[in-house]
Amino acid sequence: MAATAAAEEEEEAAANIEYSKRLQSRLECVSELARFTQHCTQAVEGVLDALGWSAETHERPPDPIATCPFDANHRLPKSSLEKHVASCRLRKLEYSKEEEVGVMYFFLLIMYISLICNCFYLISLKVFFHLSVFARWLD
């Protein structure tokens, strides 16, 4: 009987050690998720700061007025300047409206392809991260 009790105590001690290891692994995963969340929060705050927005107000400050470098009579919001400059440059090079639309369509198509590629890359990183965290969680 003493041998059986000792064996049961050993099994219980081994089970407690295994449970402690699993618990420690889960705590490490939670800690890793907390660091990831903090990193994401900092990234969002950086984007908001770059845009001149704040997380509290969710409002954009008024857009300053810019002057077109191709025609000083063209004054427009600074946020629209890049698109306008592309169009105005083509007009100054005497492209027709139809040709301008074709060039602009090509430019937008390239931008969308780039955006989609970046989104797929970010999604794949996020999926990989979650799979690695859950794989450790299941151990």
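The model is predicted: local features need pLDDT of at least 70, side-chain atom pairs count only at pLDDT 80 or more, and totals for chains, interfaces and linings use all residues. Residues are numbered from 1 along each chain as its sequence is written, and side-chain values use heavy atoms, with hydrogens and water left out.

I placed Glu-12 in helix H1, residues 2-51; helices (H or I, at least four residues) and strands (E, at least two) are DSSP runs, numbered from the N terminus.

I then turned to His-84 and found this residue in helix H2, residues 81-92. Beyond its neighbours within four places in sequence, His-84 is in contact with Cys-68, His-74 and Leu-76, where contact means heavy atoms within 4.5 Å. I also noted Phe-70, 14 residues from His-84 along the chain, with 9.9 Å between the two C-alpha atoms.

Finally, I looked up the chain as a whole. I noted three helices and two strands, in the order α-β-β-α-α from the N terminus. Of the 139 residues, 13% count as buried. Among contacts between residues at least 6 apart in sequence, I recorded that 23% join residues at least 24 apart.

How values were computed: Buried < 20%, exposed > 50% of the residue type's maximum accessible area, 1.4 Å probe, protein only.
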